[in-house]
Amino acid sequence: MLKRMLPTLRVFPGRSPTPSHTVYYSFSMDTPRPGKTRVTSVSLRAETLEAIRARAGKQGVSSYIEEAVQRQLQREAIDEYIEAAESDHGPVDPAEAAAKAERIRAHHAAHRGGSTPANAA
């Protein structure tokens, strides 16, 4: 049973997004998706649909597309969050971000016996 943790950013109308609005949810791809569904028609290139069908397997095309769209919506929400944060606080200093990423890598190395994942930051 495959489970995933997907970040979801909730932004409430009239409020700036803040980290307190970040929530996480998990679901099993072997169980039906929660919430109401509606049937719709989407036009895709034949090659795209063939690739989706090849990858979707038991999950099904609708579930595969639902998850892909949810990921895209999450990316857009994160982009909006970053834009709002930079508007309020200015852009992120690349040197400061690199220093924090190095501290995260060092933390992972210290707590995982020296094996640091390449994408630990």
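Throughout these legends, buried means under 20% relative accessible area, exposed over 50%, and partly exposed in between (1.4 Å probe, protein chains only). The model is predicted, so local features need pLDDT of at least 70 and side-chain atom pairs count only at pLDDT 80 or more, while totals for chains, interfaces and linings use all residues. Residues are numbered from 1 along each chain as its sequence is written, and side-chain values use heavy atoms, with hydrogens and water left out.

**View 1. An exposed pair, Arg-45 and Glu-47, joined by a salt bridge.** A salt bridge here is a side-chain nitrogen of Lys or Arg within 4 Å of a carboxyl oxygen of Asp or Glu. In this pair, the closest N and O atoms are 3.5 Å apart. Both partners, Glu-47 and Arg-45, are exposed. Searching the whole structure turns up three salt bridges, and the other views below will take you to helix α3 as well.

**View 2. Helix α2, residues 61–89.** Helices are DSSP runs (H or I, at least four residues), numbered from the N terminus. How far apart are the end C-alpha atoms of α2? They are 42 Å apart, which agrees with the 42 Å that its 29 residues should span at 1.5 Å a residue; the expected span is 1.5 Å times one less than the number of residues. To find the buried residues of α2, look for Ser-63, Glu-67, Gln-74 and Ala-77. Just after the helix, Gly-90 takes a positive phi of about 90°.

**View 3. A negative surface patch that includes Asp-79 of α2.** Its members are Glu-76, Asp-79, Glu-80, Glu-83 and Glu-86. Patches are made of residues with over 30% relative accessible area and no salt bridge, and like charges are joined within 9 Å. Asp and Glu count as negative, and the place of a charge is taken as CG of Asp or CD of Glu. Accessible areas come from the Shrake-Rupley method with a 1.4 Å probe.

View 4. Arg-105 is partly exposed, with a relative accessible area of 29%, and Glu-102 is partly exposed at 46%.

Terms used. Patch = residues over 30% accessible without salt bridge, like charges linked within 9 Å, V, L, I, M, F, W, Y side chains within 5 Å. Helix = DSSP H or I, 4+ residues; strand = E, 2+ residues; numbered from the N terminus.
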